[in-house]
Amino acid sequence: MATSTSSSAPNPKFELTKKVRSHEVALAELDNLSSSRAVYQKTGNLFFRTSTQKAKAAEQKQLDSAKAMLAKLNSN
């Protein structure tokens, strides 16, 4: 069990880069949907139905936050 603990803590920069890429992909997918289509957005452990505009705004906010954290790590 000790090996799974050590392997579950990889480089934080790598994890943040993966997070940024994931948010970028989600934004690209949301851009390709029509604005009248409803989507499901995960909040905590639940999914809520929302508009593509609201989902894009939330995804952009998360992307900006992840990029800021990555920039902070890179500056240290």
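**Salt bridges and a hairpin in a predicted model**

Lys18 is partly exposed, with a relative accessible area of 44% (buried means under 20% relative accessible area, exposed over 50%, partly exposed in between, with a 1.4 Å probe and protein chains only). The structure is a predicted model, in which local features need pLDDT of at least 70 and side-chain atom pairs count only at pLDDT 80 or more, while totals for chains, interfaces and linings use all residues. Residues are numbered from 1 along each chain as its sequence is written, and side-chain values use heavy atoms, leaving out hydrogens and water.

Lys18 meets Glu15 in a salt bridge (3.8 Å, N to O), a term for a side-chain nitrogen of Lys or Arg within 4 Å of a carboxyl oxygen of Asp or Glu. Both residues lie in helix α2, 3 residues apart; helices (H or I, at least four residues) and strands (E, at least two) are DSSP runs, numbered from the N terminus. Glu15 is also partly exposed, at 33%.

Helix α2 holds another such pair, Arg21 and Glu24, whose side chains meet at 3.4 Å, N to O. Arg21 counts as exposed at 52% relative accessibility, whereas Glu24 is partly exposed at 29%. Arg21, Glu24 and Lys67 are linked in a network of salt bridges.

A further salt bridge joins Asp31 to Lys56, with the closest N and O atoms 3.5 Å apart. This pair links distant parts of the chain, from helix α2 to helix α3, 25 residues apart.

Turning to the strands, β1 and β2 run antiparallel and are joined by 6 bridges (two strands pair if DSSP finds at least two bridges between them). Lys42 stands opposite Phe47 in β2.
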